[in-house]
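Thanks, everyone, for making time this morning.

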Amino acid sequence: MKKKGIISGILTLCLILSTISIPAFAADEDSKNLEQAIISAKKIITVPDDYTEFTHNSSEREVGGTKVRIWDLNWAEKEGKKGSVSASIGEDGSLYQYSRYDGDSKDGLANITKDQAQVSAEDFLKNVIPEYTGEIKLVKNDSGSFQEDGYNFTYQKFVNEIPVNYIYINVGVNKYNGKVTSYSNDSREVKGTEYPSLSGIIDSAAAEKAYIDKIGIDLKYYSYYDYEKKKMNIFAGYAPSNISEFIDAKTGQVVSYSSDNKLDDGNKNHSLANASANNLDKANQELTQEEMDAIQNVAHLISKEKAESILRETSDLITADMKVSDASLNKNYLDDEYSWNISFDGVYGRVDAKSGEVISLHSYNYNKLGANGNTSKSDAQSTVEKFLKKVAPNKFTQTKLKDINSPILKITNRPIEENAFMFNYVRQVNGIEFSGNYLNVEVDKSTGKIIGYDNNWYDNASFPDISNVISKEAAFNKIKDLAGFSLQYTMLDANKVGIVYEFINKNDSYIIDPVNGIRIDYSGKAYRENKLPEYTDINGHWCEKTVKELLDNGYYIDGEKFNPNMNITQINFFKYIYSPVKNNYSDDEFYDMLIQNGVIKDEEKAPNSAISYNDAAKFIIRYLGYEKLAGHSEIFNSPFKDNIEDAYKGYASMCYALNIIKGDTNGNFNGSHNISNAEAAVIVYNLIKNNGK
């Protein structure tokens, strides 16, 4: 017995020791892996010695169908300083993301040219991803946006001169010191990836026809609500039917992204649908009790109790023992109608306060049994259509079932649960889809019950005529001209690359006006591209260096030509100064902003008129915020040799003192002289360089 007791004790001790050693071993491994991650990171990036505040964490990420451990490393300055360096590095030493902030913000013109910044970016890439040397090309360099503190460069991998559409590398370079401040490369290539040869591919004409016939360019109605003007705009437009589908270059058949591919992102391109939906939550505003009482007395609205009973009759999810936990009367500012919003224990509903129609109904405490429920999709669809014939019979007859997985059609921010079927019936008007209106229903797979319903519908909407529109082929060609349509390598399955025909710039939204064929934006207006021009008429001109340096800093006059000797118009002068933000405004909105900021007065507004040095000095000083001081002409002695009107003497003198307008070679101000585009470039250059704006 004693021997048995000793053996038992030894076994117990071994068990205890084994349980202790496992986490100790794991901790030791973590320590070694962290150490290796830090060493790998510091071989690639520079961490200043005084960045001594160090934090880290790790996580697993799926890359090319394989799970990779990623270490997120962060260094920062102590004692209240703001400098920091962050890096995400894989267990194999690959750098996925990097960012650097030196802690001080600067403004004004760049010390580093874009060409110099590009050299810095490419030297960095040779160190970080030497295996891509000679295989990546610059595909974008701030052509779509302007960053105040730096330049952004996007590189893409090419094989056989064909772009690989899932390998993009982004690099940011500080425009004052030339240092790389950001890097991202999430789509790492799996070692040994094979790319199909170019033999046996169909030609582009056949691919274009296959795309039009099998995927399609759809004509739809879209909507946009302008909250400032309180006006709904419904417009028609052509757009690609499905940006996740494309044409196999060898078979001519439709193929789509692998679910493992990073590019197959359910949130990638929903701007069209989101614009159409118009953020309905924002449109519904809750009323106070006093407002509710006043409105009910004059608007003949149903009572809260009536709305509650309608919801109870509509859904058996609201049981008799469920009490109302919250109720409010809301006004929808899209159509000036009212609705009752009522919450029960785990169920929420909305009812039209005038007609009694159910607008929304959602359950949040249904039984979650997983994806393998007892209800078939066809049975669920039958339940849904029976429900819709009951709650919205007239609207249901005007809809068509739409595949909910279409990436263009994201109609709710709620995630689609794995254990639920979702059915979306989209409104049809004049034979085409109106993506802004729909009846959406969710069904629990395990119980077969309806657990969600949304009725988004504009009752008094008017729709533009579509009887005289360009063809789908013409719309396709317009999008092709804008986005490009050509051969590309893409990831079809976890580790399988295919060669396909598709739109190149598919991440942008392309809507084509069906009547005049121009590109339009999410609001239905002509699309305004925020792209830096490449002037063809400034080579050798005295203003060339100034104009190009301004371009590098995001300041420009729209157009393919700069027209250096042409008189600048008032609106172009202002747009030159406000280049980084001008595309955020329509022309009317732009002037409203200028007037609101005191740069120009309403009676001075003359967009197409020429602008003199007198005007330029006045507007510049107002822009800088020195209007009150400049108005006191009696305190200024003009530095210019020619006579200046008293009304402009203060403005001109201050522009001289601030090194913005220095006069001609003879020392004259020439106040009445209309300035050219080239002369305007000098003024803008001096303004930005010397005054940090």
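**The chain as a whole**

The chain has 17 helices and 25 strands, where helices (H or I, at least four residues) and strands (E, at least two) are DSSP runs numbered from the N terminus. Please keep in mind that this is a predicted model, in which local features need pLDDT of at least 70 and side-chain atom pairs count only at pLDDT 80 or more, while totals for chains, interfaces and linings use all residues. Residues are numbered from 1 along each chain as its sequence is written, and side-chain values use heavy atoms, with hydrogens and water left out.

Of the 693 residues in the chain, 48% are buried; buried means under 20% relative accessible area, exposed means over 50%, and partly exposed lies in between, with a 1.4 Å probe and protein chains only. The chain exposes about 35000 Å², and carbon and sulfur atoms supply 47% of that area, as computed by the Shrake-Rupley method with a 1.4 Å probe. Among contacts with a separation of 6 or more, 62% join residues 24 or more positions apart, a contact being heavy atoms within 4.5 Å.

The buried ones are Gln 570, Ile 571, Phe 573, Phe 574, Lys 575, Tyr 576 and Ile 577, and what covers them includes helix 11, helix 13, helix 14 and helix 17.

Helix 12 packs against helix 13 at an angle of about 70°, with the axes 12 Å apart; the axes are lines fitted to C-alpha atoms, for helices over the stretch in contact, and angles run from 0 to 180 degrees between N-to-C directions. Helix 12 and helix 13 are therefore roughly perpendicular to each other, given that angles under 35 degrees count as roughly parallel, over 145 as roughly antiparallel, 65 to 115 as roughly perpendicular and the rest as oblique. On the helix 12 side, Gln 570, Ile 571, Phe 574 and Lys 575 meet Asp 587, Phe 590, Tyr 591 and Leu 594 of helix 13.

**Helix 11 against helix 17**

Thr 546, Val 547, Glu 549 and Leu 550 of helix 11 make the contact with Ala 681, Val 682, Val 684 and Tyr 685 of helix 17.

Asn 614 is placed in helix 14, residues 613–624, and is buried, with a relative accessible area of 9%. Leaving aside residues up to four places away in sequence, Asn 614 touches Glu 645, Tyr 648, Phe 669, Gly 671 and Ser 672.

Trp 71, in strand 2 (residues 66–76), also counts as buried, at 4% relative accessibility. Its C-alpha atom is 9.8 Å from that of Tyr 96, which lies 25 residues apart from Trp 71 along the chain.

Asp 459, by contrast, counts as exposed at 55% relative accessibility, and is found in the loop between strand 21 (450–456) and helix 10 (472–483).
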